Amino acid sequence: MSVIIQLSELSFVSEDGMKVLDDVHLRVDRGDLVFLVGPAAAGKSVLIGLLGTQIESQQGQILVYGRNIARLSRKKAFDLRRQIGLLPQGFVALQKTLMENVTFKLRCLGDFREQAEEKALAALDQVGLTSKLAHMASELDPFDRVRLGIALSISNEPLLLLLDDPLVGLSLKEQEQVYSLLAQLNRRGFTILATTRDSIPNADFSARIVELVDGRVEEKS
Amino acid sequence: MSRFFFIFGNLLGAINGRIGWLFLGVVGLIFAALLIFAGFFLVGETTGQENGPALAPGEMVVYLSPQLSSDDVQSLYLKIRDMPETRTINYRFAQELGLDRTGGVFIIQAVSASAAASLQETIREMLGIINIDSVTEAQGATVSLSSALRLGLLVALIVSIVGSLILARYAFLLLLDRFSAEIKLLRLSGTSEGVFQPPVVALGVLCGIIAAMLLVVVVYLSHFLALSHPQATIHAACGLLLPGRVLMVSLVGSLIGIVLGGLIGVLGASLTAQERFQIYS
């Protein structure tokens, strides 16, 4: 098993001096499906932001794909970002159709139109949104919005998906559908680290559950 | 390149009516600044003539001998009028022009500044001609502006530049707010500022180019208008009668417009670093 994420002695203090992460150790291997569970303001988003190179690290070591992100040059940090599918909390889609949302990202990453459309179609197909390609993103229900966010994250075929609280605002049934979708993507080869403040239901998929309480992590299963 | 135009097209697509009007205002203020800059070189009276009437390049005053009969004057008039180098010819009494002489004068406008030299040579050979006054382009190049007008133009120039920067900042903030979801998505995807900031700069440059084009059109229209009515223009904007000056003002003005537009674009691009356009702050 190759290691995708390795966190050692990771600590993070917010601007107002509050300890958000405290000596966090975590390892995520290729093919893992990991849920990081914790209450609101437990530091989940900061952890995702650090892993996604969106927040500058302060103390401790973060290795993603074997690279120490604190030592990456600006250019290499952007290269790494392109290999990570990141869905932030409260993701807001573009005021465009679903297809245009995904092709926008791919074209900005340098794909030509045909190539971008092909990849977008494949990504939307993987999350089951092919029947709504021409729908405006603003017309989507919360579950479809999460699916669009995931489609955007996987559209440029990264190996690692970081999902920051994708279940917020979803009903229990919709949450189960998201779990099931993540399990499906995991079986297709994506390594997934998702945060949630809700407890994970007993479902027919195997996932590692890690608790984040008071800035410290604790492996549950 | 296709990525640049793709993002630029999307950025333009985010412009709604209000933002569009604001950017038009920015273009207007840059244009105003350029027009004021042009005013420094084009407005005012030539200082080329010390003791005679103000003249435009290609224009000359031919002093006639007081001994000439009216038939002689008529004959000279017709002869000069029929020369190919002559555009217009008018007879005046010297007193009409405030000259301390007797007799009449011809005010002649040659078809061009270069034709004026040979026309002058030919006329000088004619009988009954005492003297010819003319102005060369180099002489006409000095434009005198009163210090009050100069100060007024300078203040207006500063106000219009500062105004364009303030208005552009506001317009860009509104535009980037409408484009913020795209900026955040680009940041998430691993797209560097080097990809999404150039189209923002280009929008500023575009404003500068439009203003510069307007300047060139207005300056050249005024130039052609001035050439067709040189006497009416000579005291107000003698620089407009100098083709070299008009070309210089158009070129330098355009360059300044593009640079000012670029500065405005850089100001807009710098706004993307604000917290509201970050995902994690």
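Which residue in β4(B) is the bridge partner of M60(B)?

Author: This is a predicted model, in which local features need pLDDT of at least 70, side-chain atom pairs count only at pLDDT 80 or more, and totals for chains, interfaces and linings use all residues. Residues are numbered from 1 along each chain as its sequence is written, chains are lettered from A and ligands numbered from 1 in the order in which they are written, and side-chain values use heavy atoms, with hydrogens and water left out.

The bridge partner of M60(B) in β4(B) is I108(B). Helices (H or I, at least four residues) and strands (E, at least two) are DSSP runs numbered from the N terminus, and two strands count as paired if DSSP finds at least two bridges between them. Strand β2 of chain B, residues 59–64, and strand β4 of chain B, residues 104–110, are joined by five bridges in the antiparallel sense. Both belong to an open sheet of four strands in chain B, ordered β3-β4-β2-β5, with antiparallel pairing. Its edge strands, each pairing on one side only, are β3 (86–93) and β5 (129–134) of chain B. On average, and with direction ignored, neighbouring strands of this sheet are turned by 20 degrees against each other; axes here are lines fitted to C-alpha atoms, for helices over the stretch in contact, and angles run from 0 to 180 degrees between N-to-C directions. Helix α4 of chain B, residues 113–124, packs on the sheet and touches β2, β3, β4 and β5 of chain B, its direction making about 165 degrees with that of β5(B); contact means heavy atoms within 4.5 Å.

The contact takes 20 residues from chain B and 25 residues from chain A. About 2,000 Å² is buried between chain B and chain A, with 65% of that area given by carbon and sulfur atoms; buried area is the accessible area (1.4 Å probe) that two parts lose on being put together, summed over both. F6(B), L188(B) and Y280(B) supply 34% of the area that chain B buries against chain A, more than any other three residues.

Between chain B and chain A the count is one salt bridge, that is, a side-chain nitrogen of Lys or Arg within 4 Å of a carboxyl oxygen of Asp or Glu. R74(A) forms a salt bridge with E193(B), and their closest N and O atoms are 2.7 Å apart. On the side of chain B that touches chain A, at least two residues each come from α1 (2–13), α7 (180–188) and α8 (193–228) of chain B, and α7(B) gives the largest share, six residues.

Chain A has an open sheet of four strands as well, in the order β2-β1-β4-β5, with antiparallel pairing. The edge strands of that sheet are β2 (19–29) and β5 (67–68) of chain A, each of which pairs on one side only. Strand β1 of chain A, residues 3–13, pairs with β2(A) in the antiparallel sense over seven bridges, and V3(A) stands opposite D29(A) in β2(A).

Strand β2 of chain A also takes part in a link to a distant part of the chain, between D22(A) in that strand and R216(A) in strand β10 (residues 216–219), 194 residues apart. D22(A) and R216(A) form a salt bridge in which the closest N and O atoms are 3.4 Å apart. In β10(A), R216(A) stands opposite V213(A), and strand β9 (residues 208–213) of chain A pairs with β10(A) in the antiparallel sense over four bridges. The hairpin of β9(A) and β10(A) has two residues between the strands, and D214(A) takes a positive phi near 55 degrees there.
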